Amino acid sequence: MAKNDSSMKFDTKAIHAGVQPDPSTGAIMTPIYQTSTYVQEAPGVNKGYGYARGKNPTREALQGSIAALENGKHCVCFSSGVAATDAVMKLLSPGDEVITGADLYGGTYRLFTEIYQKFGIIFHFIDLTNADMISQYINPNTKLIWAETPSNPTMNIVDIHACAKIAKTNDLILVADNTFASPFLQNPLNLGADIVMHSATKYLGGHSDVVMGALVTNNAQLHEKLYFILNTTGANPGPMDSFLVLRGIKTLHLRMERHCFNGRKVAEYLKQHPKIEKVYWPGFPEHPNHAIAKKQMSDFGGMISIVLKDKSIENTYKLASSFKVFSLAESLGGVESLINHPATMTHGSIPKELREKVGVVDNLLRLSVGIEHIDDIIADLEQALK
Ligand SMILES: Cc1ncc(COP(=O)(O)O)c(C=O)c1O
């Protein structure tokens, strides 16, 4: 079986895809090519590598791995998820319009409104869970649909296939932020998306030790443009970080299975808890987009948000600080359980009225359920919520 055989099962791809034994030593682990430049035999005569902003063998192995996991032909990695999003925006010109969800990761919203709006890009923040709404916002200037699904932090599900049909009909680029699902649970390219975006900081890396972004596509032209943007604007990830994500990916399937198992138990526990008003988790049959989630995801993941019955922000803060297994921190998708207060942390850059409109209220907490033993996780929730 060839190492990059696209017929390989996901678990095998996670371990082998993109990776070859090092040609100079046979090292089974891709070395960290910690170099800024490559010696040339004569001007322009080199071994395929000129300068490390453009190309690095450790990064190339990682790009091959992520592309394979998303069933894509091409991947470009960036120094962060936000840098990957930024590269997509650089495909656009002043006057172009973007349709996106009203509930987005706060950093994506900030990038769109504080940077790109200033350069003349127009954003429509709408309810993307209703694909019929999208057509109302399309005009000759519309160029791109940005769909984050599941969304951060209210776990809304966008029908990727329905969006892709609209994008194709209107010649728009559909980008899916697949950070929350990871390629283990969802492959947006299979559903018709043009670009998949990842904050590889999260499930791909999986160990809370690296910040990285990735874009995957099957479109050679888009790949060429995105690679040009990377090389020209310089948001390239370093080789050590590339190695860490490549190493993290080797256990992605095992980690995701446990995240999903623990996530389900935690969601069910919280749902019946007398101090909880609402639990956002797409695995519940009564979740408004459960049917779509079931169709496009293979399981429901370990991201859960809760609204407390007690509306006091002080008590919400107090609760957020009272966990022993869960750590109060931004980020998600690592092996350790994290708790986050979106209104002041990850979504603090969204104005209060706007974030409250999409459910990000002061008494909402977001859990990234880790892969510790479920009994310890539940015991921690029990003691904090007592
Ligand atoms: C859904 C989503 N997209 C994008 C990002 C940005 O990624 P990064 O923090 O790696 O820049 C995040 C970060 O939390 C996220 O949750």
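Tutor: Helices (H or I, at least four residues) and strands (E, at least two) are DSSP runs, numbered from the N terminus. Contact means heavy atoms within 4.5 Å. Axes are lines fitted to C-alpha atoms, for helices over the stretch in contact; angles run from 0 to 180 degrees between N-to-C directions. This is a predicted model, where local features need pLDDT of at least 70, side-chain atom pairs count only at pLDDT 80 or more, and totals for chains, interfaces and linings use all residues. Residues are numbered from 1 along each chain as its sequence is written, and side-chain values use heavy atoms, with hydrogens and water left out.

Seven strands form an open sheet in the order 1-7-6-5-4-2-3, with mixed pairing; two strands pair if DSSP finds at least two bridges between them. Strand 1 (74–78) and strand 3 (122–126) are the edges. Each has a single partner strand, so one side of each lacks a neighbour in the sheet. On average, neighbouring strands are turned by 20° against each other, direction ignored.

Strand 2 (residues 97–101) runs parallel to strand 3, and five bridges join the two. Here isoleucine 99 stands opposite histidine 124 of strand 3.

Next, the helices. Helix 3 (residues 81–89) packs on the sheet. Among the strands it touches are strand 1, strand 4 (142–148) and strand 7 (213–217). The direction of helix 3 makes about 45° with that of strand 7. Helix 4 (residues 106–116) lies across strand 2, strand 3 and strand 4. Helix 4 runs at about 150° to strand 3.
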